[in-house]
Amino acid sequence: MKKENPHLLFINYPLLDKGLASHNLVYKSASPNLAFGYLGTIAHSLGCKVTIIDANFYLRPYTTDQLIDKILELKPDFIGCSVFMDNALWGYEFLKILKEQYKDCIYVAGGPHPSILPEEPLSHGFDISCRKESEITIEELIGFLRGKVELKDIKSITYFDENKKIIHNPDREIEKNLDFVPMINYDLFDTLYFSKENIERTKFPVFASRGCPNKCTYCNSYGVFGTRFRTRSVENILEELELIHKKYGVKKINFVDDYFVLNNRRAIEICKGMIERDIKLSWGCYSKAGAISPELFDMMKKSGCDHIAYGVENVYPKTLKLINKKTPLDKINATYEDTNPTGIDYKTNIMAGFPWETVQSVRANIDFILEKKRKYEANFNPVVLYPVPKTKLYEDWVDKFPIIKDHWLNKEFMIDNTDLSGEGRMKLNFFNLDEKVIKEIRLLFFCCRIPSVNRLTGINYIVLYPFNKFFYSYQGAKLLRTIYYSFKKITALLQKQ
Ligand code: B12
Ligand code: SF4
């Protein structure tokens, strides 16, 4: 294939007609995909035609058949998909149907999953897997489409040679200065992302740094961006914020960096810049516990930060050790002391369902959650562990629990995470946990959702407030849960009659 101005199509394949990704429909909120933004911008600036379609965008959804019809109409020379572990299987199924009808292009997989398992997409119909960050790779692939570059010379790709043998080209050196990444050309995205209704509800993602130096044993974020913390310059970030705020009318953003506040000084510079340039965005970020100085908190608040997600994940000492979270408990506790007076809304991520989980380990987390709710009105976001390939946790346990081997390719394990928490995953019980432990994890989920005492209103407040201490204790929460489910059962029965 030799084309001077090839047409590149980037797609998020249809999941809605599989009963997945329905959180887009439920929350009526969707943001442009950053990977397609960066790669599409580069391709466009090199003179290629670029189309980006997210089939799961609630304002313009596509079923499998509709997307195939659209592709047959567009006739692209390159189809690129971002493949995640959770939805890899559906991507492969989609590709199988699509390839029966359309063969005049190269099919390219990229993203977190091909970065760590690059052979898998090739054995399911893709022609090339792009490993890790791909801004430079895409330039070279365009060179290939133009007939000027050979695949053997493109670093960080895995592909078939002419003898159908899988070739892994060497890894590309990681770019240290992230300013090589272009300003995203948002005109390439569906204009409906910037419609009033979507803008009001959506936090648009912004990436200010890449790479996380921590090596939590369940996470493979290093698979794409490595373990070295690399940053965009403050000037470069502010320019992007100004662009999306002033040109596209975006009101809320989320810094989706793995560790936005790692360098407090730099984060303060970003906050200062937002204030000086009058960039009135409300914004949020992820952080570890105990990573934000009082000065940074102050600047975050002044520059519009209204949300922090703390990746505490667990407080049981054995679990903290086994997942390699190095934050000591006193630092975790201090986080609540420090964040509460700032008035910034915050949430704590808690993870359960580890292979070594016991009633006692879950209980330690329940006690922690209830105490923080009573004392600080803290909010929690519970998640069930989903083992990710190539992580230490997966590799350490796959022999003992062979059920987790390639679990993402098993249809029976596909669950829609409308609440993004993965409570449904508990049903899968990958690690054969005892029924008592499962029950305890369900209680933990319930406790995360009990409203904090001072936020209760009306009758709830009158009933619960005097017994504050009791209902936010383990026994009290258990009783609340029994009352809640009995009430639900009774109303369901009454509705049936
Ligand atoms: C923001 C975010 C989301 C947002 C997405 C918002 C949006 N509109 O894009 C939401 C909340 C919707 C989301 C959902 C999910 N997410 Co998420 N998410 C992230 C987060 C924090 C940032 C993603 C991002 O924008 N990165 C910036 C871009 C530039 O990076 P990138 O996507 O990796 O792209 C680069 C390369 O991978 C590559 N590339 C990517 N795609 C392609 C495609 C082609 C063709 C090519 C050539 C190259 C290429 O080039 C890009 C530029 O260098 C990451 C964490 C992280 N460190 O990235 C997790 C992360 C990507 N998510 C993850 C997961 C598991 C999910 C869910 C499956 C969760 C769930 N259970 O439902 C869903 C699936 C979403 C889907 N597409 O189906 C995991 C992926 C793990 C894995 N191995 O698959 C991550 C790594 C978090 C983690 N540490 O576990 N997510
Ligand atoms: S879980 Fe968060 S802190 Fe841990 S390695 Fe992954 S991105 Fe870094």
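User: How do the residues of the shell around ligand 1 divide into nonpolar, polar and charged?

Analyst: In this predicted model, the shell splits into 20 nonpolar, 13 polar and 4 charged residues. Ala, Val, Leu, Ile, Met, Phe, Trp, Tyr, Cys and Pro count as nonpolar, Asp, Glu, Lys and Arg as charged, and the others, Gly among them, as polar. Local features need pLDDT of at least 70, side-chain atom pairs count only at pLDDT 80 or more, and totals for chains, interfaces and linings use all residues. Residues are numbered from 1 along each chain as its sequence is written, while chains are lettered from A and ligands numbered from 1 in the order in which they are written.

User: Which residues come nearest to ligand 1?

Analyst: A35, G80, S82, G110 and E133 do, out of 37 residues around ligand 1. A residue counts as near if its C-beta atom, placed from the backbone, lies within 6 Å of the molecule.

User: Why are α2 and α7 called oblique to each other?

Analyst: Their angle is about 40°. Angles under 35 degrees are roughly parallel, over 145 roughly antiparallel, 65 to 115 roughly perpendicular, and the rest oblique. So α2 and α7 are oblique. Axes are lines fitted to C-alpha atoms, for helices over the stretch in contact, and angles run from 0 to 180 degrees between N-to-C directions. Helices are DSSP runs (H or I, at least four residues), numbered from the N terminus.

User: What in α2 meets α7?

Analyst: Y38, L39, I42 and A43 in α2 meet E135, I138, E139 and I142 in α7, contact requiring C-beta atoms, placed from the backbone, within 7 Å. These residues divide into 6 nonpolar, no polar and 2 charged.

Methods: Helix = DSSP H or I, 4+ residues; strand = E, 2+ residues; numbered from the N terminus. Contact = placed C-beta atoms within 7 Å.
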